[in-house]
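Student: Please take a close look at one part of this model, the paired strands and the aromatic rings. I would like one connected account with the cut-offs stated.

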Amino acid sequence: ERMGVRTGLVLVPLGFLNDLHEPPIFLGTRRPMVEQQIIPTTWRELGAGVFGESGPLSWRAYLTTSLNSAGFEGENIREGRSGGSQAAAEDFAITGRVDWAPLGGLTVGASLFSGNTGQGAGFDGGLTLWDAHAEYRWRGLQARALYASTSIDDAAAINAQNGLTGDQ
């Protein structure tokens with residue numbers, strides 16, 4: 001009852017919007033820049049994993065296909081998503097999320113995605129993307145904080161593969 005298994009095309013559990021990425025989850029007509037440029041929202045990959053909750057703690061852990069660095073652009077990694085149907089499936093990633101709701105209206109958590117992105121190109125292209133997030137809701141007030149960071153290995157090889165030079 002407190003744990004389940006999920007397989008197939010799964011949403012990568014990062015940030016606020018990837019799981020629930022349609023309004024009214026965010027205010028306005030555009031998704032926040034962090035969740036467009038750093039965390040590629042509407043990000044789904046083929047995978048399998050477990051999820052559950054125990055009291056104020058909820059969690060998810062998956063093994064999924066990884067991003068494909070051949071799609072990385074100079075300003076973001078968004079086009080590296082496979083959406084399942086385009087998955088090269090030579091490199092895989094682990095992804096996970098933990099959320100803690102210690103009292104009514106407050107949620108604090110963190111998420112992680114880590115995997116190689118070379119997909120058979122002759123280099124690993126290791127990518128680690130993580131976030132720390134908090135949300136507080138009280139009556140009509142909603143306050144959110146999100147910090148996200150990405151590190152990419154083999155950047156010179158990825159740039160060469162994608163024809164990116166100079167300040168691209």
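Tutor: Leu63 stands opposite Ile94 in S4. This is a predicted model, in which local features need pLDDT of at least 70, side-chain atom pairs count only at pLDDT 80 or more, and totals for chains, interfaces and linings use all residues. Residues are numbered from 1 along each chain as its sequence is written, and side-chain values use heavy atoms, without hydrogens and water.

Strands here are DSSP runs of E with at least two residues, and helices are runs of H or I with at least four, numbered from the N terminus; two strands pair if DSSP finds at least two bridges between them. S3 (residues 57-65) pairs with S2 (residues 44-54) in the antiparallel sense over eight bridges, and Val50 has Ala61 in S3 as its bridge partner. Two residues separate S2 and S3 in a hairpin, and Gly55 in the turn has a positive phi of about 60°. S3 is also joined to S4 (residues 92-103), antiparallel, by nine bridges.

Now the rings. Rings of Phe, Tyr and Trp (its six-membered ring) pair if their centres lie within 6.5 Å; planes under 30 degrees apart count as stacked, over 60 as edge-to-face and the rest as tilted. The count comes to two aromatic pairs. Trp43 and Phe113 have ring centres 4.7 Å apart and planes at 55°, so this pair is tilted. Trp43 lies in the loop between helix H1 (34-38) and S2, and Phe113 in strand S5 (residues 106-116), so the pair ties together parts 70 residues apart in sequence.
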